[in-house]
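Thanks for sending this one over for a look.

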Amino acid sequence: MGRGADALARVAVVVRAPAGWLWWPGLLAAGIGALVPGPTGRTIGLTAGAGLFVIAAFGVFAVRRGRYAALARGASRAGKAVILQDRSVTIGVWRRAHRWWVLLAFLVAVGSSFALPAAGGLLMAGAALGLWAKAAWLGHWEREHDALLWVRTESARRGGAAGKEVGGYVLTGPAAGDARAGGARAAGARGGAARAGR
């Protein structure tokens, strides 16, 4: 990495990283839950789950948006010494750190179906949709400003992309890194870290 070089992760990728691991287990938990004859019945469970899905999606999308916007407004230009972390590495770091929590959430969602069928799984899926929407919102900001937002990896690892540990964001040009605006993988992108000056 080079001495004195800061490693940076894309903000949108950090936000987007949990979404897939909440969406598919959530849908699976909801599907399993729909087969469980809970005391409230499937109709009530699915209706409650749909409500929780919407609430979770809007809630996750809205939380800390002001903090993200403030950090984006105050972002500084990246220096030549920074290292841009590959998208797959950022996602892999999150998954290794949180895989047991996701498994626990899945088991809780399945178990909750014995009380309210499918509701827990739909809650997980709603949270995933909210994360995708927030990443898309960040992507809109990036396209509007023709720049990409980055956060120091050690800060993001401790408290997320907008946690208390994050003192500010860093800006690069729109061609930096291997992910499009919003954190989706760019077509034909190659793996590996790169320097911001490239």
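The points below cover confidence, the strands, one aspartate and the aromatic residues.

1. Confidence overall. Please keep in mind that this is a predicted model. The average pLDDT of the protein is 88, and 91% of the residues reach at least 70. Among the elements, helix H6, which spans residues 119-145, has the highest mean at 96, while S6 has the lowest at 47.

2. Strand S6 itself is assigned to residues 194-195, and I would read its placement together with its mean pLDDT of 47.

3. Strand S4 and its partners. S4 runs over residues 148-152 and is mostly covered, with four of its five residues buried. Strand S1 (residues 7-10) pairs with S4 in the antiparallel sense, over three bridges. In this pairing Leu8 is found opposite Arg152 of S4. S4 also pairs with S5, again antiparallel and over three bridges. Here Leu148 faces Thr172 of S5.

4. Asp178, where is it in the chain? The residue belongs to the loop that connects strand S5 (170-172) with strand S6 (194-195). Is Asp178 buried or exposed? Its relative accessibility is 6%, so Asp178 counts as buried, the cut-off being under 20%.

5. What the side chain of Asp178 reaches. One is the backbone nitrogen of Arg87, which the Asp178 side chain reaches at 3.0 Å. The other is the side chain of Arg185, joined to that of Asp178 by a polar contact of 3.3 Å.

6. Aromatic pairs. How many aromatic pairs does the structure hold? There are two. Ring pairs tie Trp23, Phe53 and Trp132 together as a cluster. If you want to describe these further, a pair of aromatic rings is characterised by the distance of the centres and the angle of the planes.

7. Arginines over tryptophan rings. The charged end of Arg65 sits over the ring of Trp137, at 4.4 Å from the ring centre. For Arg10, the charged end sits over the ring of Trp150, and the distance to the centre is 5.8 Å. This second case also ties in with point 3: strand S1 covers residues 7-10, and strand S4 covers residues 148-152.

Terms used
Residues numbered from 1 in each chain as written. Predicted model: local features only at pLDDT ≥ 70, side-chain atom pairs only at ≥ 80, totals over all residues. Heavy atoms only, no water. Helix = DSSP H or I, 4+ residues; strand = E, 2+ residues; numbered from the N terminus. Buried < 20%, exposed > 50% of the residue type's maximum accessible area, 1.4 Å probe, protein only. Polar contact = N/O pair within 3.5 Å; in protein donor to acceptor, adjacent residues only side chain to side chain. Phe/Tyr/Trp six-rings, centres within 6.5 Å; stacked < 30°, edge-to-face > 60°. Lys NZ or Arg CZ within 6 Å of the ring centre and 35° of its normal. pLDDT = per-residue confidence, 0-100. Pairing = 2+ DSSP bridges.
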